[in-house]
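Here are my notes on the structure you sent. Please read them with the sequence and the coordinates open.

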Amino acid sequence: MTVQEVRLCGLLLQEHFGEVVEKVGTLMLKNGAQNLRTILHETGMSVDLVKKSLCVLVQHGACLFISGRKGPGSPTEYRASCDQILRILRYPRYIYTAKTLYGDTGELIIEELLQRGHMTMSSTVKKVADRLTQNMEEGRSMDYSEVSSAFSSLVETHFLQRCPQLGGAAMKEGTAPADAVTPAAPAAPASTAPPTAESFSDCYKVPQVTLIGRGKRQLASEDGEDQRNAKRPRMDSEVHGDEGIYWQVNFERFHLHFRDQAIITAVANKLDQTSSEIVRTMLRMSEVTTSPSATCTKPLSANEIFRSLPAGYNISRPILDQYLTLLVDDPMEFVGKAGESGGGMYVVNMHKALTNLARATLESVVQERFGSRSARIFRLLLRKRHLEQKQVEDFAMIPAKEAKDMLYTLLSQNLVQLQEVPKTPDYAPSRTFYLYTVNQLSTARMLLQNCYKTVANLMERRLFETKDSKRLLEKSQRIEAILASLQASGAEPEQLTEVEEMITAPEKQQLDALRLHINKLDSAENQVDETIFLLESYINSTATSAS
Amino acid sequence: MARRGHGRRMMGFGADSVSIARGDALPPTMQQPTPVYPAMEQKPLPLTGGEEAEYLLALKQDFRGAMRTLPGFIQPAAKKRDVERYSDKYHSSEQTDGLPDWTIDWKRFPKELRVRIKKPARDSTPAVVSRSDRVQPGQKKKRNVKEKEEVLLKLETLEKKEQQESEEEEEEGEEKKKQEEEEAEGEEEYDEEEFEEETDYIMSYFDNGEDFGGDSDDNMDEAIY
């Protein structure tokens with residue numbers, strides 16, 4: 001947990017869960033695993049609030065609990081997970097992806113699950129059906145079976161997964177250390193690490209659920225009827241056959257999808273549409289056979305690729321071969337050749353593709369901050385690894401004075417490092433080589449922290465702007481509410497204009513400017529998150545390929 | 001290093017390798033911390049617009065708004081101000097505890113996090129809980145017959161839950177329950193009457209006299225006329 005990550009997590013928790021949860025969450029992030037008593041003592045808040053916040057955090061998967069590390073009698077420890085909280089930045093992207101793949105139904109399912117953390121299938125289906133019915137015309141409603149089928153397809157493609165058994169596993173941790181021979185239930189491995197969802201053997205199995213009905217439209221009713229309606233859901237707690245089976249969104253699967261999208265768009269930008277379609281086909285064929293942390297897909301023969309191309313693309317076999325050769329020869333190395341059997345065996349190099357994408361990001365950062373000549377020096381150093389100052393000037397074809405200045409600026413910003421190679425055992429300055437070098441991995445990490453800091457700054461600025469104009473915003477909300485109620489009860493246009501004029505023209509301008517700023521800041525956060533995703537994927541893939 | 005040049009400036013790098021001539025002025029030293037918002041030589045690129053970006057923006061803002069209304073959004077307890085103000089009656093509607101809407105499956109949470117969820121007694125009185133896993137069936141609104149049925153239902157279910165708890169806690173719980181029931185009932189009656197009449201006058205002053213004066217038996221300083 002770096003300082004920037006903790007600060008960003010705090011802001012995200014505050015925006016989505018309130019200040020109480022933010023306090024508890026930041027405390028746990030800063031201090032690691034804690035038990036309830038320490039948290040109470042450090043935050044000084046009431047027992048109730050702390051317990052509720054812990055429940056909220058566990059419900060959303062941001063916090064895990066393990067009982068009794070030091071033996072069966074010791075209290076449960078809670079550990080907050082920074083990565084889960086940082087995912088909140090990416091929620092809009094997940095929802096949008098679900099919309100493109102599964103339509104409005106899929107979008108609402110993912111949105112409900114993200115809002116609530118963990119839910120059973122039946123409650124999700126009911127809520128989504130109600131929401132869809134709200135937006136349909138009068139008299140039509142959404143059937144539960146349609147929503148259920150969308151849910152099942154999301155589970156089949158692994159976008160949703162079952163939650164691991166938290167309660168059972170927690171108890172098992174206490175008894176497991178004694179004898180490793182006892183066959184553990186499918187949930188927990190015999191280590192003290194909390195069980196992942198994947199270790200649960202049934203994690204993608206849709207339960208048998210009896211759900212018959214249609215979505216209910218929420219009508220504006222009087223108080224008596226309202227109370228009766230409010231009482232009814234509590235009275236009819238039907239058992240649908242899936243109690244205790246909770247579902248959560250599988251972020252890793254979404255990340256794989258984003259990674260594939262990034263590779264395909266990169267190929268489309270660099271080469272052309274047909275080659276990107278070929279790469280898309282290859283990725284689609286190896287979706288199920290490739291593990292998430294693999295560096296490259298399983299080899300696919302050119303014959304298979306030819307057969308699986310989408311029907312709209314009728315390119316002939318020799319042209320396909322030419323495209324594949326082009327892809328293999330490209331310096332970005334998206335596709336590699338793994339053999340000659342079956343007309344040529346081809347793989348998609350995930351790790352290399354991510355490395356190149358990250359490298360392009362770093363280069364563009366340097367270009368936008370320091371100019372294109374500094375970017376030329378940076379690219380040179382990335383390619384040639386270690387260079388002396390004189391060599392940099394020669395290769396980059398930049399006059400000595402300017403090259404020196406640019407190198408020192410890059411050095412002071414820590415984008416370029418200096419490596420000393422001595423000629424003699426005492427590091428005498430006149431007899432040592434000083435080589436400039438760029439270490440891609442550490443530069444990527446540094447830029448990632450910069451990105452976190454950027455998003456945190458953007459959020460703080462947005463909160464500041466909202467707080468500044470709080471009075472104005474409240475006034476405009478009240479006026480909108482009045483307008484809406486007047487329109488609903490059928491008022492004349494004069495009344496409406498009279499109400500609208502309660503906001504003066506300069507205030508309107510101020511409101512518009514405020515709205516523009518807030519939209520800009522929000523949009524910027526979304527874009528920085530795309531860079532964050534790319535850099536994080538690169539760093540993770542390097543870490544797994546190195547281990 | 002032990003042997004610094006006596007009186008000579010020792011160059012960190014050799015003169016050749018970084019092309020600084022001996023006599024050249026080194027760049028001026030920094031006298032103060034770097035400015036907080038330094039002037040940028042290059043302006044940053046504009047944001048990418050487009051339909052997708054706008055849709056993502058709308059999704060993000062909707063999500064944020066929706067999270068505020070969900071039970072997961074926890075408000076801190078209302079601070080008691082020195083004097084009860086008129087606007088509190090209107091502000092208190094913003095701070096309702098949404099937790100009762102949220103049905104939690106307690107099997108998935110550790111035992112110590114169990115919070116007995118009671119229905120909010122009053123909007124104006126802050127929720128006072130001495131021990132969170134106490135059952136307080138007495139603090140129910142007694143307005144409608146329908147709600148009484150719900151109360152009975154809840155009492156039954158809560159009773160069953162309580163029987164699962166340990167026995168020592170039950171004994172303590174009953175004592176505390178009675179204490180708090182009395183307190184709660186006293187507060188409830190007071191507030192109920194005030195709300196029903198919607199005046200600023202204290203209605204219990206004109207009550208039939210059973211409650212008035214009965215509470216202040218201990219306080220012998222006031223003269224009773």
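Predicted model: local features only at pLDDT ≥ 70, side-chain atom pairs only at ≥ 80, totals over all residues.

The points below take the domains, the strands, the charged pairs and the chain contacts in turn.

1. Domains. Chain A is assigned four stretches: domain 1 covers 3–80, domain 2 covers 256–347, domain 3 covers 353–438 and domain 4 covers 454–546. Between the C-alpha centres of domain 1 of chain A and domain 2 of chain A there are 45 Å.

2. In chain A, 3 strands make an open sheet with the order S4-S6-S5 and antiparallel pairing. Its edges are strand S4 (119–120) and strand S5 (160–162) of chain A, each of which pairs on one side only. S4(A) is joined to strand S6 (residues 246–249) of chain A by 2 bridges, in the antiparallel sense. To find this pairing on screen, look for Met119(A), whose bridge partner in S6(A) is Trp247(A).

3. Another three-stranded sheet. The order here is S10-S12-S11 in chain A; this sheet of 3 strands is also open, with antiparallel pairing. Strand S10 (386–387) and strand S11 (417–422) of chain A are the edge strands, pairing on one side only. Between S10(A) and strand S12 (residues 432–437) of chain A there are 2 bridges, and the two strands pair in the antiparallel sense. Leu387(A) has Tyr436(A) of S12(A) opposite.

4. A hairpin. Strand S8 (residues 335–339) and strand S9 (residues 345–348) of chain A run antiparallel and are joined by 4 bridges. Val335(A) has Val348(A) in S9(A) as its bridge partner. The hairpin of S8(A) and S9(A) has 5 residues between the strands, and Gly342(A) there takes a positive phi near 65 degrees.

5. Salt bridges. Over all chains the count is 28 salt bridges. One of them pairs the side chains of Glu460(A) and Arg7(A), at 3.5 Å from N to O. Which parts of the chain does the pair of Glu460(A) and Arg7(A) link? Glu460(A) is in helix H19 (residues 440–468) of chain A and Arg7(A) is in helix H1 (residues 3–17) of chain A, so by definition of the numbering the pair links distant parts of the chain, 453 residues apart.

6. Extent of the contact between chains. On the side of chain A, 70 residues are in contact with 52 residues of chain B. About 5,400 Å² is buried between chain A and chain B, and carbon and sulfur atoms give 59% of that area. In chain A, the residues that lose the most area to chain B are Lys52(A), Tyr96(A) and Gln115(A), which together make up 11% of what that side buries.

7. Polar and charged pairs between the chains. The interface of chain A and chain B has 3 salt bridges. Among them is the one between Lys60(B) and Glu525(A), where the closest N and O atoms are 2.7 Å apart. The count of residue pairs in polar contact between chain A and chain B is 7, with both residues at pLDDT 80 or more. By class, the side of chain A that touches chain B consists of 31 nonpolar, 19 polar and 20 charged residues.

Notes: Residues numbered from 1 in each chain as written. Chains lettered and ligands numbered in written order. Heavy atoms only, no water. Domains from an automatic or database assignment. Pairing = 2+ DSSP bridges. Contact = heavy atoms within 4.5 Å. Buried area = accessible area lost by both parts, 1.4 Å probe. Salt bridge = Lys/Arg side-chain N within 4 Å of Asp/Glu carboxyl O. Polar contact = N/O pair within 3.5 Å; in protein donor to acceptor, adjacent residues only side chain to side chain. Nonpolar A, V, L, I, M, F, W, Y, C, P; charged D, E, K, R; others polar.
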